[in-house]
Amino acid sequence: MEIEARNRFIGIDVGGTKIMGVVADPTSGVIQVRRKAPTPKADPETLPEAIKQVVAELIEEAGRPVGLGVGVPGLVDHQGVLHYGPNVPGVLGLDMAGELRSEFGLPVVAENDATCAALAEHRLGAARGTTHAVVVNQGTGIAGGIIIGGRMYRGANGFAGEPGHMLINSGGHVCACGKTGCWEAVASGAGLANIARDVVAEGKGHRIVELAGGEAAHIRGEHVSAAMAEGDSDAAEVLDRFGWWVAEGLASLVALLDPELIVLGGGLTAINRHFISDVQERVNATVMGAAYRPEVPIVPARLGAEAGAIGAAISSRDLFLGR
Ligand SMILES: [Zn+2]
């Protein structure tokens with residue numbers, strides 16, 4: 001679909017495995033053109049070049065945009081400098097916004113990819129119309145975004161909204177970030193596998209190990225859901241413990257932020273059809289002063305895999321309008 005020139009923005013989502021780019025209208029979420037390219041792993045110094053290539057192709061196809069937004073997985077400051085990203089190892093201190101600005105002569109914003117995805121859910125998705133909301137996305141890890149007073153909360157440095165690394169399980173599993181006890185080590189896809197291995201270490205979960213090829217070390221989230229689909233009771237126990245940890249973290253977020261809504265995204269919410277309602281019940285029961293406060297509804301995310309790219313385009317338009 002053709003987009004009016006004044007609403008034409010480019011959004012780029014840099015993931016651990018692929019770079020996804022769109023030409024989109026940030027006011028409606030309509031996407032005119034899509035491009036994908038693999039994230040260069042072997043030679044991280046070529047990441048800016050790979051992004052520039054995607055942007056150049058989008059411009060060639062759709063024409064010059066008003067602005068450009070890039071979502072990057074890691075700690076991105078208010079100036080658009082990527083300080084550190086565990087999924088883009090070797091890329092440190094990269095002035096992402098500056099490089100793209102000088103290459104294309106466009107207004108450029110670069111920020112955390114999960115912040116972009118949350119921005120999209122707030123403007124166009126499940127959190128639309130809310131003033132105070134939390135977006136939690138469960139993938140391999142946990143990503144998030146916090147909306148306070150109708151605006152995305154980015155923190156002092158731009159690093160806010162990393163609920164996956166809240167330390168809520170002291171002495172627990174080792175996280176991808178290297179620390180022990182992070183929420184995402186028990187409440188993400190990786191966390192689901194960690195809990196399954198705990199159950200196996202207790203002498204249970206034989207079917208899950210079988211599905212993982214006979215090695216507990218090879219268990220991934222999908223092996224648990226496959227065993228669950230077969231009606232395996234140990235897999236049900238894994239999911240039960242997993243749901244408990246998800247609820248613990250969400251209850252902490254409710255205590256801290258008092259949101260009107262929590263958006264839960266990522267593939268794990270589909271793991272069983274009662275998952276969100278089970279977590280909702282546990283959060284309702286766990287949260288401080290449970291009997292004396294309204295329920296905080298937990299709802300599934302509405303935008304799919306393109307949320308990050310659309311959100312980057314939204315962020316770019318915000319910058320252009322001076323918001
Ligand atoms: Zn961590």
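## Helix α10

Twelve of the 14 residues of α10 are buried, so this helix is largely enclosed by the rest of the structure. Here buried means under 20% relative accessible area, exposed over 50%, and partly exposed in between, with a 1.4 Å probe and protein chains only. Helices (H or I, at least four residues) and strands (E, at least two) are DSSP runs numbered from the N terminus. Among the buried residues of α10 are Ala307, Gly308, Ile310, Ile314 and Arg317.

The model is a predicted one, in which local features need pLDDT of at least 70 and side-chain atom pairs count only at pLDDT 80 or more, while totals for chains, interfaces and linings use all residues. Residues are numbered from 1 along each chain as its sequence is written, and side-chain values use heavy atoms, with hydrogens and water left out.

At 1.5 Å a residue, the 14 residues of α10 should span 20 Å, and the end C-alpha atoms are 20 Å apart, which agrees. The expected span is 1.5 Å times one less than the number of residues in the helix. Just after α10, Gly322 has a positive phi of about 75°.

## The sheet

Five strands form an open sheet in the order β3-β2-β1-β4-β8, with mixed pairing. β3 (30-38) and β8 (108-112) are at the edges and have a single partner strand each, so one side of each is left without a neighbour in the sheet. From one strand to the next, the twist averages 15°. Two strands pair if DSSP finds at least two bridges between them.

β1 (residues 9-14) and β2 (residues 18-25) are paired in the antiparallel sense over six bridges. Asp13 has Met20 of β2 as its bridge partner, and Ile10 stands opposite Val23 in β2. The two strands make a hairpin with three residues between them.

β2 also pairs with β3, in the antiparallel sense and over eight bridges. In this pairing Val23 stands opposite Val33 of β3. Four residues separate the strands of the β2 and β3 hairpin, and Gly29 in the turn has a positive phi of about 80°. Of the eight residues of β2, seven are buried.

Contact means heavy atoms within 4.5 Å. Axes are lines fitted to C-alpha atoms, for helices over the stretch in contact, and angles run from 0 to 180 degrees between N-to-C directions. The buried residues of α10 pack against these strands and also against α3.

## The zinc site

His165 (ND1), Cys175 (SG), Cys177 (SG) and Cys182 (SG) are the protein donors of the zinc ion, at 2.0 to 2.3 Å from it. Donors are N, O and S atoms within 2.8 Å of the metal (3.2 Å for Na, K and Ca); water is not among the atoms, so sites may look incomplete. The four donor atoms subtend angles of 105 to 119° around the zinc ion, which makes the arrangement tetrahedral. Four donors count as tetrahedral if all angles lie between 85 and 135 degrees.

Along the sequence, the donor residues follow the spacing H-x9-C-x1-C-x4-C. His165 and Cys182 both lie in the loop between β11 (151-152) and α4 (184-187), so the pair ties together parts that are 17 residues apart in sequence. His165 is partly exposed, with a relative accessible area of 31%, whereas Cys182 is buried, at 1%.

Conventions:
Tetrahedral: all angles 85-135°; square planar, octahedral: opposite > 155°, others 65-115°.
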